[in-house]
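Hi everyone, thanks for coming. I'd like to walk you through one protein chain today, so please take a look at the screen.

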Amino acid sequence: MGKYLLLILLFGMGCSSCTTSRLINKADKLFHKGAYAEAGRLYREVYQKLSPSQRRLRGYAAFQLAESNRYTGRNLRSMSGYTNAIRYLYPDTTLYFRLGQTYQKDEQYEKAIQEYSAQLSLSPHSQPTLNSIQGRSLAMDGRRIRPVIR
């Protein structure tokens, strides 16, 4: 009896993970086609369905959600997604740089510099990060530099 209950539980968990992986695959395809808003909606759905114990998948969904929101111009939502990806230890090399860019777009220069500095600790010779720190420092000094983010 105990074996059957365990099999039923494992099968049930497997079915929910199939749904999640299907949604992730669909969202990935939409993201690569450039349908960022729809992909973001699916990534948000996946993120909400995953339990916090599924750190790796939850980090991936948070990062992709942040990227989708960045492409659609939803700055505050992308900040939240990048922060969640950091919390779930998502292993992307540009994570802190992207978070710094979102703070920069929101004119939160001190926070942007903090994130750029965190990025430099990971890749000390990153020229875009060094340029961003220098530019934000000049902006904070009161010089009139308009942030340009592509």
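This is a predicted model: local features need pLDDT of at least 70, side-chain atom pairs count only at pLDDT 80 or more; totals for chains, interfaces and linings use all residues.

Residues are numbered from 1 along each chain as its sequence is written, and side-chain values use heavy atoms, with hydrogens and water left out.

Now the overall fold. The chain has seven helices and zero strands; here helices are DSSP runs of H or I with at least four residues, strands are E runs of at least two, and both are numbered from the N terminus. Taking contact to mean heavy atoms within 4.5 Å, we can look at pairs at least 6 apart in sequence: 47% of those contacts join residues at least 24 apart.

Let's zoom in on a pair of helices. How do helix 3 and helix 4 cross? The axes of helix 3 and helix 4 (residues 75-87) come within 8 Å and cross at roughly 160°. Those axes are lines fitted to C-alpha atoms over the stretch in contact, and the angles run from 0 to 180 degrees between N-to-C directions. That makes helix 3 roughly antiparallel to helix 4, a label for angles over 145 degrees. On the helix 3 side, the residues making the contact include Gly59, Phe63 and Asn69, and on the helix 4 side they include Arg77, Ser78 and Tyr82.

Asn69 lies in helix 3, which covers residues 55-71. Is Asn69 buried or exposed? Asn69 counts as buried because its relative accessibility is 2%. Leaving aside residues up to four places away in sequence, Asn69 touches Arg74, Arg77 and Ser78.

For contrast in location, let's go to Pro128. Pro128 sits in helix 7, residues 127-140. Pro128 is partly exposed, with a relative accessible area of 45%. And how far is Pro128 from Phe97 in space? The C-alpha to C-alpha distance is 8.8 Å, while the two are 31 residues apart in sequence.

Conventions
Buried means under 20% relative accessible area, exposed over 50%, partly exposed in between (1.4 Å probe, protein chains only). Angles under 35 degrees count as roughly parallel, over 145 as roughly antiparallel, 65 to 115 as roughly perpendicular and the rest as oblique.
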